[in-house]
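Welcome! Take a look at the sequence and the fold before reading on.

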Amino acid sequence: MCGIVGYVGYREAFPILISGLHRLEYRGYDSAGVALVSDDGRLNVQKCRGKVADLENFTVSKDVSGHIGIAHTRWATHGEPNDVNAHPHYSESGNIALIHNGIIENYGVLKDALIENGYTFKSGTDTEVLVQLIEYVKTTNNCSLFEAVQSALKQVVGAYAIAVVEKGNCDEIIAARKSSPMVIGVGEGEYFLASDATPIVEYTDRVVYVNDGEIAVINRNKPLKIVNLDNIESRVDIKKLELSISQLEKGGYPHFMLKEIHEQPKTIVDCIRGRVAADGSNVVLSGVMANCERFLQAKRIVFVGCGTSWHAALIGEHLIEDLCRIPVEVEYASEFRYRNPVIGPDDVVIAVSQSGETADTLAAVELAKKNGAFIFGICNVVGSSIARATDSGAYIHVGPEIGVASTKAFTGQVTVMAMVALTLARAKGTIGEEHFREIANGLLHLPALIEQAVELDAQIRDFSKMFTYARNFIYLGRGYNYPAALEGALKLKEISYIHAEGYPAAEMKHGPIALIDSEMPVVAIATRDSIYEKTVSNIQEIKARGGRIIAIVEQGDTVVRNIADYCIEVPTAPECLMPLVVSVPLQLLAYYIAVNKGRDVDQPRNLAKSVTVE
Ligand code: M6R
């Protein structure tokens, strides 16, 4: 979960690399570095601890000339964040420099062998082992850099997206990937390379997604060449990039997170466009329709995902069981992949991932695939690894999500899940016409309802000030709103660093209610659903023990208003869509509390947007 960038062509490489690193900083931001080859062949490595801005300061008044270079922004796995562990790493002779996103799992064995051959190591990283190995292979076999990379990678166990440059060669970058993403941009007399397309979009819309196990020879004077580890050449499949620069900018908002919260009325429109008939009579999700029999014959559906995507999947479980009467399980991808799950050809696995690159989710997909399950993806990033590994899927189409805390992707995922459930329910005959139309029309009205929820911004900003110094929070919900409570708590934890727990409201009396006192803010989601009265009783139980209740209620609610200390009113949607509406004030509450505390909202400590390591 680091970001990598590369450039070779006729322009000065450094500014392109730095602006690319800024775009990829969401992937990691504890150190950064560049390696440039100057026109006279010098290899120049500059790196330091800190963010990309620190690297820019570090290189002020240094020579950073050259028309070829590679650059990296790091999220530490092996070795603490410091100058030495920052990438690029370079070989014993100083002739080869390499950047890496991933983990070399057998680095210990490789390192011992290299030490026996006289190599010394400066850093605590797994990556340095790979660059040394490449040099070792190159010198012992007297071969080209490409051949050395190809041969060295045969010895590597683990995940990697790497780019390598060499002293004396100002024309060529060698790049390779396995289980970590890589995109190559193809310009006129120039090439770009990055972990995703965001650093490339302003230069070209022609991209090549490198496949697992492939090595790219990127030479500014030659057509792009892609081969695998066995030297079999692949066809270079150039795709058109559907991404605009404005989508990657803050558009006047102080943080990407706030921009992305406010974008949700529009992103829901994009998500349902062409999928829900304007009169609510039909929902067409081609990836489901084309495989309807496979879904309907499944003994069960298993969702896999992590973090926010896992929370969205919990809502998907409710939707599909409720509307389609198909048994559903929801698994943390990181647990599923290692616990020898019973999974086979009778199962449909739905992989949920904003980035489409989460290592655990990808591994869960591969495991389920190997066991014969049909795999359906719900991803945001088009062409991402998970999207490509699945048998079919539906993109959520919410545009690039850059804030580390997921917001618009969550509402997009749940919206797609509602469309999946409606499509299957109608095909299976488990939903009546009236109920179908009620939910389909609810989807059509959703952008307007979310807009009303977004308009709570000023109220929540003011009210959030009361909680700047809270040390703990509890979030409660039931039914469809229980996952929304978990998601609200996760948002607060990750960006404000306040401890928060999400709980099913009725579970409180089985233990956690002991935590309640006048210092404990309790966010209770109490919309007028089928178990509203039960939730109200649970809120009474908290109130009776002195808890401070912040209630999320539907407009016009008077019952909870009389019990709660503070009320946030949201508009009414069909019960199964309410978690989409209530999530917006929870996102805003977390956002403003974090801002009040002076936190780095878009880049919270210890986190990265895309977790491409396990
Ligand atoms: O890209 P993915 O949806 O697969 O990412 C999964 C989680 O890493 C992600 O949702 C994470 O929990 C977010 N930071 C939550 O806001």
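Which helices each supply at least two residues of the shell around the ligand? They are α10 (307–324) and α17 (481–496); helices here are DSSP runs of H or I with at least four residues, strands are runs of E with at least two, and both are numbered from the N terminus.

A word on the basis of this report: the model is predicted, with local features needing pLDDT of at least 70 and side-chain atom pairs counting only at pLDDT 80 or more, while totals for chains, interfaces and linings use all residues. Residues are numbered from 1 along each chain as its sequence is written, and side-chain values use heavy atoms, leaving out hydrogens and water.

**Around the ligand**

The ligand is surrounded by 15 residues, each with a heavy atom within 4 Å of it. The closest are S309, S353, S355, T358 and E494. By type, the shell holds five nonpolar, eight polar and two charged residues. In this grouping Ala, Val, Leu, Ile, Met, Phe, Trp, Tyr, Cys and Pro are nonpolar, Asp, Glu, Lys and Arg are charged, and the others, Gly among them, are polar.

| Residue | N or O atom in | Distance to a ligand oxygen atom |
|---|---|---|
| S309 | side chain | 2.6 Å |
| S406 | backbone | 2.8 Å |
| E494 | side chain | 2.4 Å |

Taken alone, the ligand exposes 410 Å², and the protein buries 91% of that; these areas come from the Shrake-Rupley method with a 1.4 Å probe.

**Domains**

Now let us step back to the whole chain. The protein is divided into domain 1 (3–246), domain 2 (250–454) and domain 3 (455–604), with bounds from an automatic or database domain assignment. Domain 2 and domain 3 each give at least three residues to the shell around the ligand. Between the C-alpha centres of domain 1 and domain 3 there are 45 Å.

**Two backbone details**

Where does P88 lie? This proline is in the loop between β4 (68–74) and β5 (89–90), and the peptide bond from H87 to P88 is cis, with omega near 0 degrees. N340 is not a glycine, yet it has a positive phi of about 45 degrees. N340 sits in the loop between α11 (333–336) and β17 (347–353).

Notes:
A polar contact is a pair of N or O atoms within 3.5 Å; within protein, one must be able to donate a hydrogen and the other to accept it, and residues adjacent in sequence count only if both atoms are side-chain atoms.
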